[in-house]
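Dear colleague,

Please find the structure below, with its sequence.

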Amino acid sequence: MCASYGLDPRFSDQQLIEEADEELMEGIRAWARRNADEAVRPTGRLLRNLNPILVPAASGAALEEAWWGFLIDGKPSRFPSINTRSERLQERPGGLRGRAIVPATRWFEMQKPAKTWHEFGLDGALFGMAAVTQRGRTEDGSWFTCYSIVMQPAPDRLAGIHDRMPVLIPAAFADDWLEGEPTRALMDDALLASADATRWVQSATMTTAP
């Protein structure tokens with residue numbers, strides 16, 4: 001499970017989307033500065049931390065602040081919804097109708113049973129995590145785009161720390177992920193693209209929890 005991640009405005013490079021315009025990138029940096037390098041966490045009923053995602057737009061991609069986790073009947077879902085298994089989307093590709101890319105510079109996982117925290121990243125580069133989206137309404141009638149990060153089995157070299165990891169979307173596959181038809185083939189292709197990006201993932205032990 002990915003229950004927190006980081007977005008550092010000082011990212012050294014970006015692997016998010018090809019030909020990203022400076023306005024989009026500055027929007028990500030501005031949000032990260034406002035977040036003061038705090039770990040990004042699921043959105044709650046009281047603490048409405050809306051987080052940046054890239055969604056399809058007529059111009060290619062647009063930046064939107066969204067609710068992490070699904071809203072059902074005006075409330076956060078009772079079932080776990082901050083993550084969605086890639087296997088489930090392969091079996092039921094209808095869940096791919098809404099998609100987004102989540103910008104991050106690292107994500108965090110706890111290694112059990114030692115309860116040691118680790119961070120994973122691409123040496124400070126900005127990268128994209130696959131997400132599925134749907135619209136959701138809160139009790140006060142406000143509507144939000146809600147997102148769930150797509151998770152896959154971790155490769156052997158990382159599985160000893162945690163058995164799951166986000167599906168990473170390389171810049172060259174970003175348009176395909178945002179605009180492709182919602183089919184099993186799209187999820188299959190995303191996993192292949194992620195495997196190439198995952199080769200560069202580094203992990204480090206953390207001295208404190210995120």
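**Contacts of Ala193**

Leaving aside neighbours within four places in sequence, Ala193 is in contact with Leu168, Pro170 and Phe173. Please note that the model is predicted. Ala193 belongs to helix H5, which spans residues 184-198. Because its relative accessibility is 15%, below the 20% cut-off, Ala193 counts as buried. Ile169 is 24 residues away from Ala193 in sequence, yet the two C-alpha atoms are 6.7 Å apart in space.

**From E13 to E10**

Leu168 also takes part in strand pairing: in E13, Leu168 is the bridge partner of Met129. Strand E13 (residues 168-169) and E10 run antiparallel and are joined by two bridges. E10 is largely enclosed by the rest of the structure, because eight of its 11 residues are buried.

**The other partners of E10**

Strand E7 (residues 99-104) pairs with strand E10 (residues 127-137) in the antiparallel sense, over six bridges. Met129 of E10 is the bridge partner of Val102, and Ala130 of E10 stands opposite Ile101. In a regular strand, side chains alternate between the two faces of the sheet. In E7 both faces are covered: Arg99, Ile101 and Pro103 are buried on one side, and Ala100, Val102 and Ala104 on the other.

E10 is also joined to strand E11 (residues 143-153) by seven bridges, and these strands run antiparallel. Within this pairing, Val132 stands opposite Ser148 in E11. The two strands form a hairpin with five residues between them, and Gly141 in the turn has a positive phi of about 90°.

With kind regards

Notes: Residues are numbered from 1 along each chain as its sequence is written. This is a predicted model: local features need pLDDT of at least 70, side-chain atom pairs count only at pLDDT 80 or more; totals for chains, interfaces and linings use all residues. Side-chain values use heavy atoms; hydrogens and water are left out. Helices (H or I, at least four residues) and strands (E, at least two) are DSSP runs, numbered from the N terminus. Buried means under 20% relative accessible area, exposed over 50%, partly exposed in between (1.4 Å probe, protein chains only). Contact means heavy atoms within 4.5 Å. Two strands pair if DSSP finds at least two bridges between them.
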